[in-house]
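Thanks for coming. I have one structure to go through today, so please have the sequence and the coordinates open while I talk.

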Amino acid sequence: MALSFFSPPALPIHRITCQALSVAVPSVAVAVAPLPVNPNSSLSCALNCTHFQSCSGCTQEYNLHHPVVIDEAIGFFNKLGIKDFSFDSCRLWGWRCRAKLAIRGSSTNPLIGLYEEGTHNVVDIPDCKSHHPNINAAVQLLKKGLFLIHPPIFVNELYILFLLLIWILHPGIIELNVEPYDEDQGTGDLRYVQIIFGNRWRHLLGERDFWEHIGGIDVSLAPSSFGQANTRAFDSLLRKLQKYVPQGASVVDLYAGAGVIGLSLAVSRKCRSVKCVEVNKESRQSFEKTVERLPTNVESNISWHHADASIEPTSWLLGSDVVVVDPPRKGLDPSLVKELRHISAVELRTSKRPEKVKDEKRPWILRAREDSIQIESTTVHEENQSLPQTLIYISCGWESFKEDISKFEIVRCWSLIVEKYRSQLELSNPIGDSKGMKDITEDQ
Ligand SMILES: C[S@@+](CC[C@H](N)C(=O)[O-])C[C@H]1O[C@@H](n2cnc3c(N)ncnc32)[C@H](O)[C@@H]1O
């Protein structure tokens, strides 16, 4: 099992976590109930980053444990009747394990960082407080062309970065005289360093597979597959959301990437079936590798489908008890919102189930099914034609999240915000009373 990302790093890492919980609020709450803030904690939760203001990456300097948006979120969920909103900031420094950085300047004085707000001027951020220290160290090495001398320090933690760097830069900007991109002239050789994402990858050195332990399972993430930047927060989120999924449920994981959420649920909740739907075919390889390392006693029908979740979403939703959505920042596709809306309305008004689906003939659906991986359980499960009871919405776009859920008829919902605005929402109550919510609060 590789846990190398959090093994003792070469550089000191500050692990300071602040946490804030909501206070009880009146049932019909309109006013925002502020989270309790320890007046002495604001300085200990200060960013203290020399790049703050010149770099556009962070917007808050003090009270990092209490982002400005939290008060708005509390008010928003209050209006929906949610009284036990909770917020977990997780790690506040050194949490970003993936980064895409722009490169400008000159070969003798390269600037590697983010754009200044509203411009394309790159701000050099060698001491970024959000980056995992090894990202900053790697950037330094990239600048100086030293990594061929010191590879063992980083091979485990950031070997993917090094594969890319070696590929394009061997052995470094200064030594090789690689010219950074010039925006005005349109010249130069190097414009961005993309630490994880990308489609064309070649394995040059280090371990071939990059493994992390997330949500109770070993996960392999290929460079070209989506992966969460804040792995610690993602792990925390997964462990919490497991409690909202009944044991033995059928789950469909839409916008699934490598299927980390679905596979974590398959193991922790002994799901009857898990369907993962993802539009990026590059994620398939990571899914397959991760499945190979699942415990052998997992009795779940597991499948990964290379498909667009917005096309005929009904075909994915039918037969699932729980729907997990984790869309990009722009939020859910309109066709999916429409279908979820329809389902929630049907569930609320009648217990009538839709008729059994006819044999599928539509070519695009059949194609998506062909382009899928199926791992059959040895246990025979009855075919399930139920409608989903629960929607778990994981969001990285607060505005799109608010807009999406304003379209649903919500009986009850809860929220969990981790990292940025990662939230969960339930359309109806799947696990009886508010047990699940208590669990979440107690856990923190
Ligand atoms: C925020 S990521 C979440 C990935 C995954 N749940 C995880 O945590 O690793 C969103 C994913 O949705 C995928 N995606 C975007 N649009 C999609 C669509 N219409 N249908 C299916 N997947 C889509 C992206 O390729 C990306 O992998």
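Start at Ser130, which sits in the loop between strand S5, residues 122-124, and helix H3, residues 133-144. Is Ser130 buried or exposed? Ser130 counts as buried, because 22 C-beta neighbours fall inside 10 Å and the cut-off for burial is 20 or more. Leaving aside residues up to four places away in sequence, Ser130 touches Gly57, Cys58, Trp95 and Arg96. For a sense of distance, Ser130 and Gly188 are 58 residues apart in sequence, and their C-alpha atoms are 28 Å apart in space.

Please keep in mind that this is a predicted model.

Now the chain as a whole. The protein chain has 13 helices and 15 strands. Of its 444 residues, 42% are buried. Taking contacts between residues at least 6 apart in sequence, 73% join residues at least 24 apart.

A brief stop at helix H2, residues 69-79. Its buried residues are Ile70, Ala73, Ile74, Phe76, Phe77 and Asn78. An α-helix has 3.6 residues a turn, so residues three or four places apart point the same way. Just after H2, Gly81 takes a positive phi of about 90°.

Next, the sheet. This is an open sheet of six strands in the order S13-S11-S10-S9-S12-S14, and the pairing is mixed. Strand S13, residues 372-375, and S14 are at the edges; each has a single partner strand, so one side of each has no neighbour in the sheet. From one strand to the next, the twist averages 10°.

Let me walk through the pairs. S10 and S11 are parallel, with six bridges between them, and Lys275 has Ser303 in S11 as its bridge partner. S11 itself is mostly covered, with five of its six residues buried. On to strand S9, residues 250-254: S9 runs parallel to S10, joined by five bridges. Asp253 is opposite Cys276 in S10. S9 also pairs with S12, again in the parallel sense, over four bridges. There the bridge partner of Leu254 is Val325 in S12. S12 in turn runs parallel to S14, with four bridges joining them, and Val323 stands opposite Leu391 in S14.

Which way do the valines of S12 point? In a regular strand the side chains alternate between the two faces of the sheet. Here Val322 and Val324 point one way, Val323 and Val325 the other way, and all are buried.

Helix H7 lies across S9, S10, strand S11 (301-306) and strand S12 (322-325). H7 runs at about 175° to S10.

How many residues surround the ligand? There are 19, and the closest are Phe226, Tyr255, Gly257, Ala309 and Asp326. By class, this shell has eleven nonpolar, four polar and four charged residues. Helix H7 (260-268) and strand S10 (273-278) each supply at least two residues of the shell.

On annotation: an unreviewed UniProt entry lists Gln228, Tyr255, Glu278 and Asp326 under "binding site". Gln228 is in the loop between strand S8, residues 217-220, and helix H6, residues 231-241. Gln228 is buried, because 23 other C-beta atoms lie within 10 Å. Asp326 is in the loop between S12 and helix H10, residues 334-349. Asp326 is also buried, with 20 other C-beta atoms within 10 Å; burial requires 20 or more. Setting aside residues up to four places away in sequence, Asp326 touches Tyr255, Ile261 and Ile394.

Cys396 lies in the loop between strand S14, residues 390-393, and helix H12, residues 398-405. Why does Cys396 count as partly exposed? Because 18 other C-beta atoms lie within 10 Å of Cys396, and the partly exposed class falls between 12 or fewer for exposed and 20 or more for buried.

To recap the annotated positions: Gln228 is buried, Asp326 is buried, and Cys396 is partly exposed. I'll take questions now.

Conventions. Residues are numbered from 1 along each chain as its sequence is written. This is a predicted model: local features need pLDDT of at least 70, side-chain atom pairs count only at pLDDT 80 or more; totals for chains, interfaces and linings use all residues. A residue is near a molecule or strand if its C-beta atom, placed from the backbone, lies within 6 Å of it. Ala, Val, Leu, Ile, Met, Phe, Trp, Tyr, Cys and Pro count as nonpolar, Asp, Glu, Lys and Arg as charged, and the others, Gly among them, as polar. Two residues are in contact if their C-beta atoms, placed from the backbone, lie within 7 Å. Two strands pair if DSSP finds at least two bridges between them. Axes are lines fitted to C-alpha atoms, for helices over the stretch in contact, and angles run from 0 to 180 degrees between N-to-C directions. UniProt positions are given in the numbering used here, feature names are shortened, and annotations may be inferred rather than shown by experiment.
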